[in-house]
Every structure is written in C-alpha cells, then in structure tokens.
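Dear colleague,

I am handing over the structure below, together with some notes on what was found in it. Please look through the model first and then read on.

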Amino acid sequence: MNRIARILRPAFARAYVRIFGGFREKSWLFWEVILPTIFMSSIIFAYENLDAPKIFIGFVVLGTIMMNFWYNVLWGMGSVLYWEKETGNLEVYILTGSPLPSLLLGMALGGMFNTSIRSLAMILIGIFVFNAEFTPAYLPYALIIFFLTLFALYSMGMAFASLHLIYGRKGIRLNEVMGEPISFLSGQYYPINIFPTFIQSIASLMPITIGLDGVRRALILGVGFESLWLHMTLLVVMVFILFPLGIYIMSKIVEKGRKDGRLILRWI
Amino acid sequence: MVKSPLQYAIETINLSREFTTEDGVFKALDNVNLKVRSGIIFGLLGPNGAGKTTLIRILSTLLLPTSGEAYVGGYNVVKEANKVRGIINLVSGGERPGYGILTTEENLMYYAQIYGFSRGEAKKRIEEVNELIGLDEFLHKRLNTLSTGMIQKYALARGLLNKPRILFLDEPTLGLDVENARVIRRLVRRLVDEGIIKTILLTSHYMAEVEELCDYIAIINKGRIIAGGTVEELKNMISKEVIYNIDVKAIDTPKLEFLKSIDSVIGYTVRMSNVSGEARIRIVMSYEDISRILDTLERNRIKILRIHQDRISLEDVFLKLVGRGITDE
C-alpha cells in the first residue's frame, strides 16, 4: 500500500462518518443550515434599513460563508478531536498506526461538506431573496484564493485540535477566543479598511482576513489577477509556514500526551 | 532495530510508571518484570487500581513508561511504537469505541479502512471476522442500539480486523452477564487454540475467568508483580493451608475484624447474599484451627448456619499473597 493511500483511506473513512452519519439525523439541516441563515439575514436587513450601498449585501454573504469554514476548523476539528478522545475512538485510532493528520483531514473534509451545503444555502438566499450581486467573471481567482485559505485554515486547525488534547474541556474556551475576535477583526460583515492601519496589519496576519478580502474583491468588486496576486502569494506563504507547523505541533503534543498519559485520560 | 534479546512475545524489564497527581506522585507500576511466551493466553490478575490497565496501555504504545523497557513481538514499545502497532490490537471491556449512528458493519468498515484496507478488502475481512465471531444478528444494526453483550462481540471483531499477532484484552467481560461472559471467554480461547491469534495478554479481576482461560498467570498488586505461574503452580503455593467456608446470618463485614487477631488466620473474604440474607466467610488458615474460629464467632454472637472445608482456589492464593480478597476495596 502506498503512502498516499495510507493517508487518504483513513481520511475518507472519517469523512464518511461525518457526512453519512450526519445525514441520518435530518434535523441537522435545520440546525446547521436554516438557523445560521437567520442571523445573516438580520445583518442584511440592518444594512438595507440604513440604506447602505448594495455591495454590502454581498460582503455579508461572503463574510458569513468564509467564517463558516473558520468555525468548522475550530469546532469540527478541535472539539471533535476532544470528543474522539473522550469516547475512546482516538486511542483505537492511534493503535492502528495511521497518521493523526489523516483523521483530522477526514474530520475537515466531512465538516467541509456540511459547511458547503450551508454556504450554498446562504448564497442562494443572498442572490434570490436579497438580490446580492456577484461578478462571476473572476470566479476562478476567487476559487483559488478560497482553497488556499481553506488549506491555511485547516493547517491552523491541526495545531488547535492538538491543543484540545492538552487542555481538554478548557479547549472550548480556546474556540471562543479564536471565534468572535477573529470574526470581528477579519471583517465578517464589513471591509476591514474601516479599521486604523495598525489593526488592519494585525488582522492581515490571519489567512481568513486575506482570503475574505481576496474573494470579495474578485466576486464583488470584479478585480482580476493584477489586484489579487498579492493575496495569493501571501496565502501560499502562509500555507508553507502553517502546514508543517501544524504537523510539528501535533506530533509534539501527541508525544507529550503519551508521556503525560493525557491520550488515555478522560474527563479532563 | 531494537530487538528484545530473548524474543518473548512480550517482555518487560524493570518497567515503572508514575503519575503526578494533586496528592503527589503515584506509582502505578513498580519495576515490573514479565516474560510472556508466544502461543499462550497470559493472565494478569489484580484488583482495581493494581496497575493492569497502565501496563496494557504501555505495551500497546498508548502510554510511555517512566523508566524501564518493554518489548512486544521483539519491538521496543517506545522507540518502535509503529512496528508494535502493526502486530497488536487492544480490546477494552466496558468501552464502546465507534460511532453510534453507524451500523456495526459500517463501524468495522471504518476501522478496517483506517488500517489501510480498501473498501473491497475491508468487506472481505469483515466477512471473515463475522464468520469467526458471529455478528449476523446485529451486523446491520446501529451501534447505539446494541446490548452490552453485542457491543463486546463487536469490540472483539474490531480487535481482529488487522489480524494481530498479539492481542491485549483489558477486562474483556467487564459488565457482562454470565451467559455473555461465557460466550466471550469461549471465543477468546478459540482464538489461541485455532492459531488465529498467537498470544493474548488478558487482564481481569475475575478469578474464575483467569483460572478458566489462562495458561499462565501473573498476580499484580499496587503496581508490583507478586507471583506468577500456571494455575496449579499458584495453587501449590498454598498447598499446606486449610480453607473453610462458613455460612452465617448476615453481618457487617467490619464486625469480623477480630478474626485477624487469630494466629492461624491468613486472611478471609466475606460475600453477602441479598437473596438469602446470609453471608459466606471464606477463611484461609495456616493450620487446622477451625474449632477456635467457630468459638470466636459464637462468642461474638455470630450465628453459624453451615460449615465445610473447601478446595484451594486462585482467590485463596490472592488472599494469602495480598491479605485481602480481590474485590475488597
């Protein structure tokens, strides 16, 4: 069996659990697709009542969608890994000798599928209910930026997920710390140029900010490669830094878990 | 490659493991030395908290030792963890790893794929394991609807998916009723008798289980191996002792403390029967002294109902070595 199969088979197996297991409880469509669109709609209503420029509707839709993927990293990878440990699945997984990043990739792929359905619902509501306007001409650039952002986010997710092995239930607080402030800084509902330059610089260290700005520029402002090459370059650099860093942190924390006994310790 | 010099299936050399707790350092394993031959069921017998699970977690590479060495299949569990993982599996009683929303078959498919099987190979392997264990009754049922007995059969099936050479069974019949426990024990014995698994290391605090299944037994208490041998060898350790069962009207166990002051008494256990309202005191004596014990019981107003001398059991060996019964806290 080649190395790629050894990585991908566990990942697809875990994604199957998330996707097909999830579909067996149809109520998830209500909780995870319908409910999140309500909050997005309320922000759009607020902008409409304030007579904000029309492009703000697209800003909100794209901002909410990109943040969905970030929340999927936080909750779908980190917290799920914690529960895998609590239920004893993690130790059985470790016994198989399969690489742990494969498990996380599987969780991410499964979560990505569900998040994509939610995002699709949001785009459709944005276009058909609120008349959001997008420029499809630069969709390929938007997709490149989107996938680079996902790669960077999921690399960060590996490191966060492994922190859940150390901090246990306290890791949920970590999700909160990494959730709302990043949503605020990355400009989920507004362009970040409303912030002072210093704050913009800090916000730009996060892949979600760069990715969100790039996707908005491509799909709303209709700009092409000449304006997006910097976004792409920054994201590629982030991927090159974050991916090996994520793998490194994860392997160190698992080793520490074996040493401290935290891999087998429950209810911490 | 770091190979165990003697090529035992499992070998530990001065293996210790400490845990730091709020109350200080707790020694879960204290210089454990074990040599397990290939082709046998090796039983690790000890009360709760004796260190059985810690040892099995180290041998299955989930936990690192504080000091000492351990080899499984000749591989060092610290330095060659992935090689060890390639030849072992672990099944823990009372646990239900898997996903409740998936069926038994889907869960086995999941674990088979994690071992790197393609879907086709996994399907074939599940059929083989099903033939061996007998999962038909619940193969297509969701895991969250299975009974405890079914779950344990499923867990055993999962433990066989990767065709391990060495299987660790941590309290495999924990929480099972008599009939289901018997089914699991029969399966475990078959695995070794038919050569499906080369070596099994089984931990238990059920004397009868260890006595029935294991070819060799090590008794562990407070992190130390205190005795080892076949059932007969262990029983021979107390061949000169005298054992009596005394049935009495229900009593409070602490009331019997006075028995400890009698010279001949090595130890005793008390089993209450909720149905009959009686208690059975099992006494191990270093020499025949039953009349004195009966006198003492009567003097303490304990009503004696029946008395008979009994044969030596593993429980008596444990009682002699540890000074208390295996289930006494």
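**Two packed helices in chain B**

Val129(B), Leu132(B) and Ile133(B) in helix H4(B) meet Lys153(B), Leu156(B), Ala157(B) and Leu160(B) in helix H5(B), where two residues are in contact if their C-beta atoms, placed from the backbone, lie within 7 Å. The residues of this contact divide into six nonpolar, no polar and one charged; Ala, Val, Leu, Ile, Met, Phe, Trp, Tyr, Cys and Pro count as nonpolar, Asp, Glu, Lys and Arg as charged, and the others, Gly among them, as polar.

This is a predicted model, in which local features need pLDDT of at least 70 and side-chain atom pairs count only at pLDDT 80 or more, while totals for chains, interfaces and linings use all residues. Residues are numbered from 1 along each chain as its sequence is written, and chains are lettered from A and ligands numbered from 1 in the order in which they are written.

H4(B), residues 119-133, and H5(B), residues 148-160, pack at an angle of about 130 degrees with their axes 10 Å apart (axes are lines fitted to C-alpha atoms, for helices over the stretch in contact, and angles run from 0 to 180 degrees between N-to-C directions). That makes H4(B) oblique to H5(B), since angles under 35 degrees count as roughly parallel, over 145 as roughly antiparallel, 65 to 115 as roughly perpendicular and the rest as oblique. Helices (H or I, at least four residues) and strands (E, at least two) are DSSP runs, numbered from the N terminus.

**The sheets**

An open sheet of six strands in chain B has the order S6-S7-S8-S3-S9-S10, with mixed pairing; two strands pair if DSSP finds at least two bridges between them. Strands S6 (88-92) and S10 (224-229) of chain B stand at the edges with a single partner strand each, so one side of each is left without a neighbour in the sheet. Neighbouring strands of this sheet are turned by 15 degrees against each other on average, direction ignored.

Elsewhere in chain B, S11 (residues 242-249) and S13 (residues 278-285) pair in the antiparallel sense over eight bridges, while seven bridges join S12 (residues 265-272) to S13(B), again antiparallel. S12(B) and S13(B) form a hairpin with five residues between them, and Gly277(B) in the turn has a positive phi of about 70 degrees.

**The contact with chain A**

Between the chains, 21 residues of chain B are in contact with 26 residues of chain A. The largest share of the chain B side, three residues, comes from H3(B).

With best wishes
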